[in-house]
Amino acid sequence: MNSQNQSAKSPKDYLTDYLKRLEDGRDRLRAWDYCYEAFQKVINEVEANPDTLNFDYPPPKKKGVVPSQEVQKKEEVPSPEDPKKEECIDYLALHLGVYMAHWGMLRGKSFLREKNYTIHKPIVLELLQSKYRALYGMGIDELSKDENAKLLNDLIKELKRLYKEERYLHSNVNRKLATRDLVVTKVVLGAMGCFPALDRFVLAALKSSAYNPIVPQGVKRAAKPLLTRKEQIKAFKAIYDELVYPALEEIRKDEKNKYSKASGYPEMKYVDMYLWECGKALSDKTKTPGS
């Protein structure tokens with residue numbers, strides 16, 4: 001698309017459209033808030049009680065070595081039957097399931113539509129592993145560092161494996177659907193807020209020069225998944241720095257129109273909001289009348 005065909009709406013307009021909807025506490029988009037806040041609540045509780053609430057997997061035992069009673073006590077991890085641990089996992093799986101439903105993950109051929117919320121329990125347990133703790137709400141500059149980009153990619157790969165395993169055990173539907181970026185990036189956005197959900201609207205916006213003229217040309221290609229995770233993060237950083245952040249500053253300074261969610265969200269959540277609105281607008285423009 002050339003500059004003559006570009007939308008007259010500004011980044012501020014797109015973000016404002018989204019923020020207006022969030023003023024209604026019952027809007028389906030607010031399901032993200034409740035999911036993210038639920039994970040934050042449990043994470044805060046874990047950090048406040050590291051000795052009594054530990055979700056990490058037990059360390060692998062070395063062959064031929066019998067650890068002393070003192071070491072065994074330090075390595076103790078609450079069993080799956082631990083009431084408090086199970087309560088937290090069930091609580092978060094339920095929130096994650098509701099969020100995924102409101103955000104379109106139970107439509108069409110989605111494997112999730114055939115399952116109830118308990119399918120997310122292994123996913124929740126993985127998300128609660130302490131090695132991923134730093135990713136919660138992580139800013140884009142930090143995520144751009146090689147070690148953090150790798151950590152995010154490792155998490156996404158593991159979530160895909162867990163969903164694929166669930167599919168294999170409980171369903172004969174095409175297992176490829178369980179390994180798409182779409183599903184697991186929705187999960188990461190809902191639980192951690194550190195990476196946008198790569199749904200059709202976000203992908204459409206990324207591939208449209210009309211909405212993001214500064215995004216590297218390679219990101220706009222139709223191939224899926226789009227480039228490497230590191231290159232995706234680089235593109236999202238450019239979008240945030242050049243388009244989203246300046247627009248948010250304008251919105252926050254507007255004395256006439258105050259939006260409660262114009263501040264306080266993770267940076268990648270705002271990138272997701274912006275790209276989702278851009279992609280939605282692009283989709284609306286391409287629809288034929290009456291479709």
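Predicted model: local features only at pLDDT ≥ 70, side-chain atom pairs only at ≥ 80, totals over all residues.

User: Good to know. How many helices and strands are there in the chain?

Analyst: The chain has 11 helices and zero strands. Reading from the N terminus, the elements go α-α-α-α-α-α-α-α-α-α-α.

User: And what share of the residues is buried?

Analyst: Of the 291 residues in the chain, 46% are buried. On contacts, take those between residues at least 6 apart in sequence: 70% of them join residues at least 24 apart.

User: OK, helix packing. At what angle do α1 and α10 pack?

Analyst: Helix α1 (residues 11–22) and helix α10 (residues 229–253) pack at about 65°, and their axes are 9 Å apart. An angle of 65 to 115 degrees counts as roughly perpendicular, so that is how α1 and α10 sit relative to each other.

User: Is the crossing of α1 and α10 left-handed or right-handed?

Analyst: α1 passes α10 in a right-handed crossing. On the α1 side, the contact is made by Pro 11, Lys 12, Leu 15, Thr 16 and Leu 19. The α10 side brings Leu 243, Val 244, Ala 247, Leu 248, Glu 250 and Ile 251.

User: What classes of residue are in that contact of α1 with α10?

Analyst: Eight are nonpolar, one is polar and two are charged.

User: I also noticed Glu 249. Where is that one?

Analyst: Glu 249 is in helix α10. Its relative accessible area is 24%, so Glu 249 is partly exposed.

User: Switching to α2 and α8. How do their axes cross?

Analyst: The axes of helix α2 (residues 31–48) and helix α8 (residues 181–191) cross at roughly 70° and come within 7 Å. That makes α2 and α8 roughly perpendicular to each other.

User: Which residues meet there?

Analyst: From α2 you have Trp 32, Cys 35, Tyr 36 and Phe 39, and they meet Leu 189, Gly 190 and Ala 191 in α8. By class, the contact of α2 with α8 has six nonpolar residues, one polar and no charged ones.

User: Let me click on Leu 127. Buried or exposed?

Analyst: Buried: Leu 127 has 0% relative accessibility, and the cut-off for buried is under 20%. Leu 127 lies in helix α5 (residues 121–127).

User: What does Leu 127 touch?

Analyst: Leaving out residues up to four places away in sequence, Leu 127 touches Phe 39, Tyr 132, Tyr 136, Leu 155, Leu 159, Val 187, Ala 191 and Met 192. Phe 39 and Ala 191 also turn up in the contact between α2 and α8. Along the chain, Leu 127 and Phe 39 are 88 residues apart, yet their C-alpha atoms are separated by 9.3 Å.

User: Nice. Now charges: how many salt bridges does the structure hold?

Analyst: It holds 20 salt bridges. One of them joins the side chains of Lys 150 and Asp 154, at 2.9 Å from N to O.

User: Where do Lys 150 and Asp 154 lie?

Analyst: Both are in helix α7 (residues 146–170), four residues apart, which is about one turn of the helix. Lys 150 is exposed at 52% relative accessible area, while Asp 154 is partly exposed at 30%.

User: Which residue does Lys 280 pair with?

Analyst: Lys 280 meets Asp 284 in a salt bridge, 3.6 Å from N to O. They are four residues apart in helix α11 (residues 267–286), so about one helical turn separates them. Asp 284 is partly exposed at 38% relative accessibility, and Lys 280 is partly exposed too, at 29%. Elsewhere, salt bridges that share partners join Arg 30, Asp 33 and Lys 261 into one network.

User: And what does Glu 255 form with Lys 258?

Analyst: A salt bridge, with the closest N and O atoms 3.6 Å apart. Both Glu 255 and Lys 258 are exposed.

User: Great, that's what I needed. Thanks!

Notes. Residues numbered from 1 in each chain as written. Heavy atoms only, no water. Salt bridge = Lys/Arg side-chain N within 4 Å of Asp/Glu carboxyl O. Helix = DSSP H or I, 4+ residues; strand = E, 2+ residues; numbered from the N terminus. Buried < 20%, exposed > 50% of the residue type's maximum accessible area, 1.4 Å probe, protein only. Axes fitted to C-alpha atoms, helices over the stretch in contact; angles between N-to-C directions. Parallel < 35°, antiparallel > 145°, perpendicular 65-115°, else oblique. Left-handed = near helix turned anticlockwise from the far one by under 90°. Contact = heavy atoms within 4.5 Å. Nonpolar A, V, L, I, M, F, W, Y, C, P; charged D, E, K, R; others polar.
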